[in-house]
Amino acid sequence: MPRVERPATPEACADALRACAEDRRSVRVRGGGTKDHLGTRRETDVMLETAGLDGIIDHVPADLTVTVRAGMSFAALRDALAKHGQFLPLDPPHVARGATVGGIIATNSNGFGRYRYGSVRDLLLGVRVALPDGTIARAGGRVVKNVAGYDLNKLFIGSFGTLGVVVEATFKILPVPPVAKAASATFTTPGDAFGAADALVRTSLRPTAIVVERTEDRRWRLAIAAAGEAAPVDRAMAELGRLAAARGASTEAIGDPEAALGPLREIVDAATGGAVVRAALPLSAQTAFAEAAVRVDRGARIVADAASGIAHVHLRDEAGVVAAADGLLAKARVLGGSARVERTAVAGLDPFGGPEPAGAFLMRRLKEAFDPNGILEPARSALG
Amino acid sequence: MIRRRGFPNADAPLPELISRCVHCGLCLPTCPTFAELGVEMDSPRGRIRLMKNVWDGRLDADSAAFADHMAKCLDCRACETACPSGVSFGKLMEAARSQVLAARRPNLAEALLRRAAFRGLITSPARLALFARFGYLSKRLGARTILRAIGMKRLAELLDLVPEKAPTSAALPARFAAIGTKRGTVALFTGCVMRAAFADTNAATARVLARNGIEVLVPATQTCCGALHAHAGERGGARELAKRNISGLEPLAVDAFIVNAAGCGANLKEYGWLLKDDQEWAERGERFSARVKDASEYLAAVGLAERPGPVRATAAYDDPCHLIHGQKISAQPRALLAAIPELRLVPLAEADWCCGSAGTYNVTQPELAARLGHRKAQHIVRSGAEMVVTANPGCQMQIEAALRREGARVPVVHLMDLLDRAYASR
Amino acid sequence: MTAAPPIVRAGLRGAALASGLRDLLGSEKVLWAREDLLLYEYDGAVDIATPDAVVLPNETADVAKLARFCAEHAVPLVPRGAGTGLSGGAIPVEGGVVISFARMSRILELDVANLRAVVQPGLVNLHLSTAAAPHGLYFVPDPSSQKACTLGGNVAENSGGPHTLAYGVTTNHVTGLELVLSDGSIVRLGGKALEYDGYDLVGTFVGSEGTLGIITEITVKLTPLPEDKRTLMAAFPTMDDASNTVSAIIGAGIVPSAMEMMDQLSTQAVEASVGAGYPLDAGGILLVEVDGVRDGLDDLLERIEVICRAAHAQELRVATTALERDKLWAGRKGAFAAMGRLASDYYVQDGVIPRTKLPQVLRHVIDVGERYGLRIANVFHAGDGNLHPLIMFDGSKGPAEVERVKEAGREILEMCIQVGGSITGEHGVGMEKTCYMPLQYSPVDMAVMHRVKDAFDPLGLANPGKIFPTPGRCKEFSLNAAR
């Protein structure tokens with residue numbers, strides 16, 4: 001069992017990292033513990049928990065920015081902002097299970113709203129990061145625009161804790177829109193569903209979710225949500241109706257948008273068996289990718305953020321899952337995108353399988369510069 | 001090497017005009033030579049910097065580099081339109097060119113050619129008309145091929161510009177009476193190139209004006225406007241001609257001096273500036289310039305008294321630089337075209353770009369002029385227009401030649417000729 | 001740990017460098033005559049330095065060849081787009097080769113199906129939107145210089161613009177890059193999808209001001225053109241009223257696509273320049289634009305008008321035609337250069353502050369202007385809190401005057417930092433604000449940035465003398481002022 005460290009301050013966190021680096025003890029960083037499925041599981045000497053780094057540091061509602069400690073749970077932040085009629089426009093998965101701000105940054109965890117509101121990389125204004133040399137560095141700032149020096153926020157977002165531990169973060173936030181509605185339409189082919197989704201993306205309606213789901217009865221359901229003033233929201237719903245009718249489908253209104261979108265967002269948590277492949281694709285490649293997924297596993301469940309080209313495929317046929325997953329990873333690359341196995345219970349499946357990422361030699365130099373002893377999150381990322 | 005600081009004489013580009021440039025670079029993408037050559041020296045900002053470098057003693061006014069980059073400028077003044085700081089680039093360029101002339105002793109052949117062109121040919125309508133006719137004839141006779149064969153490429157290029165139709169030079173009557181209710185009286189400035197190669201256009205202009213209740217006088221007391229002299233840096237010659245025109249025209253009791261050649265118009269409107277250092281003439285120049293109007297500018301302002309007849313065609317309008325950039329006139333010609341029933345006006349990409357004509361540019365920079373002509377012709381072909389309308393003889397000749405080289409059968413007509421034809425079709 | 005990098009100076013210089021480059025690339029791609037080099041010593045800002053040579057590549061391979069040669073001979077590489085930058089980013093402060101991308105200005109692919117474009121770095125920003133318009137698409141970031149500035153420069157500086165308030169700055173619209181590193185290696189990062197494995201090197205690179213490598217190809221997002229827009233000009237008796245309106249609009253839950261402010265001095269210069277129709281008697285004016293689907297747009301506009309009136313707006317004018325809208329924007333976009341009408345030189349600051357501090361900081365700017373006896377105009381992105389005080393001066397008064405102007409600028413930036421802001425929101429640090437970096441970042445912060453620099457550019461030849469303060473140039477104050 002790894003030793004658990006739970007620093008109460010950023011400084012204590014940096015000290016703990018330095019101690020580990022000096023002793024060459026490997027470290028896994030843990031916020032809410034909701035993403036243990038990512039990467040290759042390998043026991044580390046130390047489990048560094050960020051739960052002690054909790055709470056809002058600064059929130060000026062009129063400036064629409066908030067600064068928090070990274071161990072704060074997303075749910076707690078959401079509730080605190082809601083009291084001011086504001087929200088952090090991210091809708092990542094695992095929130096109900098306790099996902100933290102730091103974990104969301106470290107894994108670049110986004111939801112369906114990224115098309116409308118942007119992803120972590122678009123909303124994060126600044127971070128403080130504890131580094132293995134015991135220092136704490138600040139990147140970015142607390143204002144909405146800042147180009148002074150390098151944009152190191154981007155380096156830490158999605159770095160899986162391999163470069164340092166995010167201890168503090170500042171985000172852009174927004175007022176809660178007055179109206180939110182959702183509706184869905186079900187099609188018989190993926191081409192129709194993604195086609196309708198694409199038509200919506202090319203308007204200036206800017207829905208808050210455009211999701212294509214392959215249902216249990218193997219049909220293709222397009223669910224959209226819109227938020228804002230009433231008139232444009234109603235127009236978005238009407239537009240879905242028009243697009244569906246043109247493809248011979250009918251629409252149904254969804255009472256509570258969150259009740260419909262929530263289960264789609266949690267496809268990874270729901271996938272206890274088989275494997276979940278997650279792909280980031282050029283928009284027009286999604287239909288081909290979905291068809292390929294069905295070819296490798298006829299029972300595949302698919303949830304795609306069709307506005308952003310992020311597709312999750314749950315391969316449920318455990319017998320052929322290794323070959324199916326490898327095939328899909330390769331397919332995503334052929335289509336000009338990238339993919340990884342997000343979660344699997346199957347041994348012997350390389351989560352990143354395939355050639356190393358472009359610019360890997362630069363990434364190694366960066367890893368070497370930030371974590372020369374290689375203590376942070378071994379085997380967690382595509383760099384191994 | 002000891003550098004001579006600054007410029008040789010008083011016509012130098014003024015430091016206070018240069019310092020208006022804050023080198024923001026907004027002019028760069030509007031400059032045809034920068035687009036073609038891609039170097040700062042052949043951009044408006046770069047040329048201004050070259051002038052500044054001369055003042056600062058970092059570059060000689062008589063250096064080959066300075067002369068070359070000043071010569072490569074089209075003086076199309078697209079940069080002026082783009083410039084938020086209000087730099088008077090045309091004034092700077094004309095001044096800079098006068099310095100090149102003053103600082104450099106041209107070789108004998110060049111000097112003789114310039115002398116022949118500026119003293120002998122351009123200022124004498126009769127001789128120019130003769131040249132135009134010779135041009136037309138020699139073209140017919142295949143002189144171009146002969147000239148090319150004996151290595152006189154530049155003259156051959158020049159001949160390329162001669163229009164397809166035989167030039168007429170029938171003298172205009174001294175007066176065109178207003179038709180219908182008389183709404184004004186103007187004097188028509190006939191120009192030298194216009195008179196020589198495009199006399200029909202002058203008559204058409206007068207007829208269109210008369211048709212709209214404007215009495216048109218064609219005074220004999222006018223001469224070449226001096227635009228080509230000014231653009232080439234021949235300040236002295238330009239001033240002489242300006243004074244002759246002012247003396248000859250200012251006594252006339254007319255509402256406006258009407259010009260149908262954009263190059264002439266822009267120059268006539270700058271007599272005040274040209275003569276600014278001459279106590280006796282400065283104010284007279286200003287007053288004269290204020291009365292000068294492009295034909296389209298004047299017509300659009302007074303409004304058409306009578307609707308033209310229909311012209312069934314698809315047309316594109318190409319802005320002459322000295323109209324759109326030199327005189328800020330671009331809406332008026334389009335409004336007049338829109339008034340012609342059944343004429344379909346299609347957009348033309350880079351309509352506000354120089355076609356490469358630019359005064360004597362064809363002669364001094366034949367290769368660049370041809371490249372720009374080619375670029376213009378391609379846009380015209382792509383626009384799908386059946387005819388190109390413009391409002392300046394130089395542009396007309398250059399675009400015709402470029403289209404011909406492209407093998408495109410798209411006629412180029414002057415706005416006034418088209419209006420005249422439209423009225424005739426009623 | 002020190003953040004101060006060694007000063008890199010060109011190894012090979014002069015005629016030897018020029019002839020080496022001519023042999024390498026052919027003379028049509030190299031400028032070496034002194035009178036030519038003097039025309040590559042400036043950009044849109046105030047600092048100058050003459051390059052040892054200028055190279056005009058036609059393709060990536062030219063750049064890679066050049067970089068290998070320069071690595072071998074210790075020659076700095078300074079990329080240049082249109083030279084419209086406002087922080088001296090393209091100025092070869094340590095000498096070396098300026099790489100002009102004027103001849104690499106093509107759109108390589110307009111991928112309408114994937115809402116992406118692949119372009120060369122010398123492409124003019126506006127030309128991309130013009131080419132995309134027939135497909136109902138555009139490129140969002142619209143720096144005021146968008147008619148001239150290039151995509152390569154936009155990526156290097158992470159440029160903003162009036163319409164980035166709602167839709168993000170350059171970094172939010174770049175998904176792929178091809179780079180030539182200072183050792184001559186060619187690296188392709190990202191692509192047309194939103195994410196790729198490993199670190200987000202594309203995001204890390206954007207805004208690195210040429211100090212990590214040379215951009216040779218860019219993949220950007222294209223965005224559907226808004227179905228409709230409403231543009232409102234609101235004139236207020238004072239800048240305080242205009243500032244309060246900005247906060248009130250945001251506070252009402254409205255995020256306009258643009259919200260720009262101008263003071264009286266600016267409107268006067270602009271009126272003389274483009275005649276945008278701004279009232280000359282107003283203390284401050286706001287340009288507010290909302291866009292999206294047509295539905296509900298008029299209601300939104302009406303809500304904004306109500307807010308403006310409540311904040312003492314003396315005149316409200318809504319553009320009713322595209323022509324009127326363009327005119328209102330032409331005034332704003334030409335505002336910097338229009339200052340050429342008021343003074344021969346200007347020094348523009350780019351500090352960012354929290355929106356709520358606008359009145360306080362604007363008063364400080366006025367105070368600085370009075371104390372230094374300098375005229376300062378304000379034209380800025382009010383919605384972002386991104387100030388642009390334009391300090392006017394006469395450069396012919398000599399270096400002492402320039403120093404004085406920079407001092408005034410520093411006082412303004414210090415205030416921006418004091419209220420929790422940044423020294424630059426979109427123009428970049430360049431060579432102009434290197435000494436102010438310690439106002440915003442600690443030595444530790446900068447040392448971490450330097451780790452990134454060393455990973456990309458271990459030779460230190462990529463645009464040296466930019467971003468990081470160097471002891472030789474920055475006086476004692478700046479290095480000690482580190483927080």
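# Notebook: interfaces in a predicted model

**Entry 1. Domains of chain A.** I began with the salt bridges between domain 1 and domain 3 of chain A, and the rule finds 1 across that interface. I note at the outset that the model is predicted. The side chains that I found meeting in a salt bridge are those of R97(A) and D269(A), at 2.8 Å from N to O. I then looked up the polar contacts, and 3 residue pairs are counted between domain 1 and domain 3 of chain A. By class, the side of domain 1 that touches domain 3 in chain A holds 6 nonpolar, 3 polar and 3 charged residues.

I next recorded how chain A is divided: domain 1 covers 3–175, domain 2 covers 179–264 and domain 3 covers 266–344. Taken over C-alpha atoms, the centres of domain 1 and domain 3 of chain A are 27 Å apart. Contact between these two domains involves 12 residues of domain 1 and 13 residues of domain 3. I found a buried area of about 990 Å² between them, with 48% of it from carbon and sulfur atoms. Of the area that domain 1 of chain A buries against domain 3, H37(A), F112(A) and R114(A) supply 43%, more than any other three residues.

**Entry 2. Chain C against chain A.** I turned to the contact between chains, which takes 87 residues from chain C and 72 residues from chain A. The area buried between chain C and chain A is about 6300 Å², and carbon and sulfur atoms give 57% of that area.

R235(A) forms a salt bridge with D295(C), and their closest N and O atoms are 2.5 Å apart. Several elements of chain C give two or more residues to the side that touches chain A, among them strand 9 (186–190), helix 10 (297–310) and helix 16. Helix 16 of chain C gives the most to that side, with 9 residues. The side of chain C that touches chain A divides into 41 nonpolar, 28 polar and 18 charged residues.

**Entry 3. Chain C against chain B.** I found 35 residues of chain C in contact with 27 residues of chain B. About 2400 Å² is buried between chain C and chain B, and carbon and sulfur atoms give 58% of this area. In chain C, the residues that lose the most area to chain B are L39(C), Y42(C) and R341(C), together 23% of what that side buries.

The rule finds 3 salt bridges across the interface of chain C and chain B. I looked up the side chains of E41(C) and R49(B), which meet in a salt bridge at 3.8 Å from N to O. I counted 8 residue pairs in polar contact between chain C and chain B. Helix 2 (34–37) and helix 12 (335–338) of chain C each give two or more residues to the side that touches chain B.

**Entry 4. Aromatic pairs.** Over all chains, the structure holds 9 aromatic pairs. I examined F205(C) and F456(C): their ring centres are 6.3 Å apart and their planes lie at 55 degrees, so the pair is tilted. F205(C) lies in helix 7 and F456(C) in helix 16 of chain C, so the pair ties together parts that are 251 residues apart in sequence.

Definitions and conventions
Residues numbered from 1 in each chain as written. Chains lettered and ligands numbered in written order. Predicted model: local features only at pLDDT ≥ 70, side-chain atom pairs only at ≥ 80, totals over all residues. Heavy atoms only, no water. Contact = heavy atoms within 4.5 Å. Buried area = accessible area lost by both parts, 1.4 Å probe. Salt bridge = Lys/Arg side-chain N within 4 Å of Asp/Glu carboxyl O. Polar contact = N/O pair within 3.5 Å; in protein donor to acceptor, adjacent residues only side chain to side chain. Helix = DSSP H or I, 4+ residues; strand = E, 2+ residues; numbered from the N terminus. Domains from an automatic or database assignment. Nonpolar A, V, L, I, M, F, W, Y, C, P; charged D, E, K, R; others polar. Phe/Tyr/Trp six-rings, centres within 6.5 Å; stacked < 30°, edge-to-face > 60°.
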